[in-house]
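Student: I'm new to this one. Could you take me on a close look at its pockets?

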Amino acid sequence: MLIEYPEYLIHRQWMSRAINLAQIAGDAGEVPVGAVIIDDSGNLIAEGENRKERDQDPTAHAEILALRTAAKSLQNWRLNQCTLYVTLEPCPMCAGAIVQARVAMLVYGVDDTKTGAVRTVTNIPDGAASNHHLKIIGGILESRCRQQLQTWFANRRQKQDRQN
């Protein structure tokens, strides 16, 4: 029998919310990635979903948008009392922003084998240039996050094949 500890249940709850945000992004034609930021009391501070295409902004990743909103909400760029949940392992830009924001903990769903900059391809948070180290937990609701991305990309390829 699997025992689910309270911390794990909380991680699943917030990751589920991030997955819902990723679905909104995917339905809008964006790569389906969602992010949620909570404070150390468990209160929702900010959330975001990919908006690169809709905003025509190369920095409009879910994590960046959530970090910006959280900093404004808290009136402090230091998010050292916050946890960031994101469905996909952050890219180099987002990993750098997470370090710069001094996020206390990063929880992500699935590894990104192409651009993952936390564990998979490179490790920005633990790199020599990092001035902040944070707790990192990967693999929360991993299969749901992976399936969401795989389904979105498969549908996109089918659509492109029909157009050709």
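Tutor: Here is a walk through the pockets and what lines them. What you see is a predicted model, where local features need pLDDT of at least 70 and side-chain atom pairs count only at pLDDT 80 or more, while totals for chains, interfaces and linings use all residues. Residues are numbered from 1 along each chain as its sequence is written, and side-chain values use heavy atoms, with hydrogens and water left out.

A pocket here is an open set of points on a 1 Å grid over the protein atoms alone, where a 1.4 Å probe fits, with protein on both sides within 12 Å along at least five of seven lines; lining residues have an atom within 4 Å of a point. The largest pocket holds about 710 Å³ of space, a volume being what probe spheres set on the points fill, with points joined across faces, edges and corners. It has 26 lining residues, and Val31, Leu88, Asp112, Leu149 and Phe153 sit closest to its centre. Two or more lining residues come from each of α2 (52-55) and α5 (142-163); helices are DSSP runs (H or I, at least four residues) numbered from the N terminus. The largest share, six residues, belongs to α5. By class, the lining splits into 10 nonpolar, six polar and 10 charged residues (Ala, Val, Leu, Ile, Met, Phe, Trp, Tyr, Cys and Pro are nonpolar, Asp, Glu, Lys and Arg charged, the others, Gly among them, polar).

Now for the second largest pocket, at about 170 Å³. Its lining includes Gly26, Asp27, Trp152 and Arg156. Here α1 (6-27) and α5 each give two or more residues, and α5 gives the most, with six. This lining has two nonpolar, five polar and three charged residues.
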